[in-house]
Amino acid sequence: MKKLYFFLLTVIVGGIIGSLYFYNIAPKNNLIGEALTPKQIWDAEHNYKREKRERGEAKADKPDEFTKYFKGITTKFGEEDSKYPLNYRMAEFSKSKAALKGMKSNTKFNTVWEERGPGNVGGRTRGLIVDPDDATHNTWFAAAVGGGVWKTVDAGGSWTCLTDNLPNLSANALAMSESNHNIIYLGTGEGFYNLDGIAGNGVFKSTDKGDTWTQLSATSDNVDFKYVNRLVIDPANPDIVIVVTNTGIFKSIDGGTSWSNVYTGSSRIQDLKEDPNDFNILYATENGAGVLKSTDAGDNWIVSSSGISGGSRFEIAVSPVNSSVLFISQELNDNESYVYKSDDSGATWIKFEDKNGSNINFLSGQGWYDNTIAAHPYNENVAFLGGVNLWKVDFSDPGTPETSDPMLMGIDQIGTQSFIYFQPFASADFGSILGIGNQTDNNVSSSDFVSVEIRFGPGMTQKAHRFTVGGVGAGVPDGDYIYEDYVPVPFQVWDVTNDKQLMVSFRDQEEDGKFDLEQADDSDDSKAREYLFINAIDYDATAPNSEIATDGGHAHKKIYDLWPRLAVGATWDDTSLPD
């Protein structure tokens, strides 16, 4: 398939994937287990490690055995279990807060502490929300498995912690209600059996968009909610919440006040996704078992793994283009990992086979820990994989690459956020901000799609085809755009694939003869509709293109269109735009 790139606008969320190595301390006869005392574990571990060194055996990666070992070293000799009760951190924290109220302000217990660092260790971020109420897409909420919930309003330039008052920092799952953006649920506890995984204290809820949090009491002293791996919220009802944990699947219909156990498996439930078009259809994955499916909003579950062979941890993704298309990232063992696709809503699965016969172990032996998958936003045959590194798979027919739709690989906004952002609109792709041309309406072919840069800065100017629509606010058909003239604009448009300049058109909403952006009025955005249209025609500085310079001609050979708007608080000065 021809890979087509386009770079204009994006927020790139980067993640750091850590590598942790474990060793197996269990003898081959499996004497080390839940039934042994801490003293027996201690003795067996030291004896067996010495024997392994003498035999020259390599260390093995066994997180389950490490969990048993960790239990042993945190339990007193002569006792079977730790005596700390469930939820003891929250209970002691509540006592401390109550006691603090009666203390004098000058006591040593009220000393103000300042964090001294390190300040550059982010840890794993397993939960992320982009605030839908921020039109600039610069406000995010992030859940770190060892650092709580954080918020940025400047696209990651700076962060504020929202959970300083919570004693448990293991923020593992985060979800915002679509019908009420003030409601956010937080699941604590990282249930992947890694060395530094922190146990949780149930589910927390915020009703003021993360400013304050309340622990849901039904989950606080409940071993079933010690590791909350994923959660989803009914888009139509913020009181309907479903979580998957290391013991099963649980559902609440009253905002988390009470919970029903709707599925109990033989192993950990580690992933959960909903059909974006129908919340009744849900998918979960069970370690060692495969895919589970519900068609009644989580009340009942069936195994839906026909065609999947074996495996431990599975991660699942649903295509936003066609929700009957699903992808699975499978950890089979340390040496093998595979991707599966279903075209029938999980009823059957087919395994991806590399056309060169080189099925790479993309999870690199750490799929129990580093494993994620995402469906392509507008190509139902493509999925992106995250293990130790990042990968892409394409299930499309290799015999017909030229007939496939153009593939947008990325959009970057570099240095322009201070004065411009791009307004989402109904017919656009890639986060609803980019219009993409087609053969029928724009007379373009796949070869017309190239990497493009819109360049601002001192001295950046070229001529553009100017169109008007008679002051109409929106919904004007292409044929009704009126061609006016060929005028200078304060930017340049470049085909960076072939290093040449392209023609560009714009809609002069104010009909003032130039391209300029004004602050939009919330009640009337008619002045903020100076759309940009990029035409796949070589630039000519001396004369307009005859096929563009006609009514409705802005659509001729149009490959991309955008709706730029003036950033909040910014002013438009086309003589001094940032570089």
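The model is predicted, so I kept its limits in mind: local features need pLDDT of at least 70, side-chain atom pairs count only at pLDDT 80 or more, and totals for chains, interfaces and linings use all residues. Residues are numbered from 1 along each chain as its sequence is written, and side-chain values use heavy atoms, with hydrogens and water left out.

**Entry 1: the sheet around F314**

I looked up the strands next. Helices (H or I, at least four residues) and strands (E, at least two) are DSSP runs, numbered from the N terminus. Two strands pair if DSSP finds at least two bridges between them. β17 and β18 (residues 326-333) pair in the antiparallel sense, over 5 bridges. They belong to an open sheet of 4 strands, in the order β17-β18-β19-β20, with antiparallel pairing. At its edges I found β17 (314-318) and β20 (350-351), each pairing on one side only. A note to myself: strands of a sheet pair through backbone hydrogen bonds, either parallel or antiparallel.

**Entry 2: another open sheet**

I found an open sheet of 4 strands ordered β5-β6-β7-β8, with antiparallel pairing. Its edge strands are β5 (171-176) and β8 (214-215), and each pairs on one side only. β8 and β7 (residues 203-206) are antiparallel partners over 2 bridges. There, K205 stands opposite T214 in β8.

**Entry 3**

I then followed β2 (residues 140-144) into β3 (residues 148-152): a hairpin of 3 residues joins β2 to β3. The two strands pair in the antiparallel sense over 5 bridges, and A143 stands opposite V149 in β3. β3 also runs antiparallel to β4 (residues 160-161), joined by 2 bridges. Here W150 faces C161 in β4 as its opposite number.

**Entry 4: the nonpolar cores**

Which residues touch the most other members of the largest nonpolar core? I got V452, I454, F491, V493, F515, I534 and I559, out of 33 residues. A nonpolar core is a set of buried Ala, Val, Leu, Ile, Met, Phe, Trp, Tyr and Cys residues joined through side-chain atoms within 4.5 Å. Buried means under 20% relative accessible area, exposed over 50%, and partly exposed in between (1.4 Å probe, protein chains only). β24 (420-422), β26 (452-455), β28 (482-489), β30 (500-507), β31 (532-538) and β32 (558-562) are the elements that give two or more residues to this core. Apart from it lies another core, of 15 residues, including I240, I242, L272 and L282.

I checked V493 for contacts (heavy atoms within 4.5 Å). Leaving out residues up to four places away in sequence, V493 touches V452, E453, I454, Q462, Q501, L502, V504 and I534.

**Entry 5: N545**

N545 sits in the loop between β31 and β32. Is N545 buried or exposed? I read a relative accessible area of 16%, so N545 is buried. Beyond residues up to four places away in sequence, N545 touches H465, M503, I537 and H556. A polar atom of the N545 side chain lies 2.9 Å from the backbone nitrogen of E547, and the side chain also reaches the backbone nitrogen of I548 at 3.1 Å.

**Entry 6: D394**

D394 is in strand β23 (residues 390-394). I noted D394 as partly exposed because its relative accessible area is 24%. Its side chain makes a polar contact with the side chain of S396 (2.7 Å). A polar contact is a pair of N or O atoms within 3.5 Å; within protein, one must be able to donate a hydrogen and the other to accept it, and residues adjacent in sequence count only if both atoms are side-chain atoms. D394 and F352 are 42 residues apart in sequence, and 8.4 Å apart in space, C-alpha to C-alpha.
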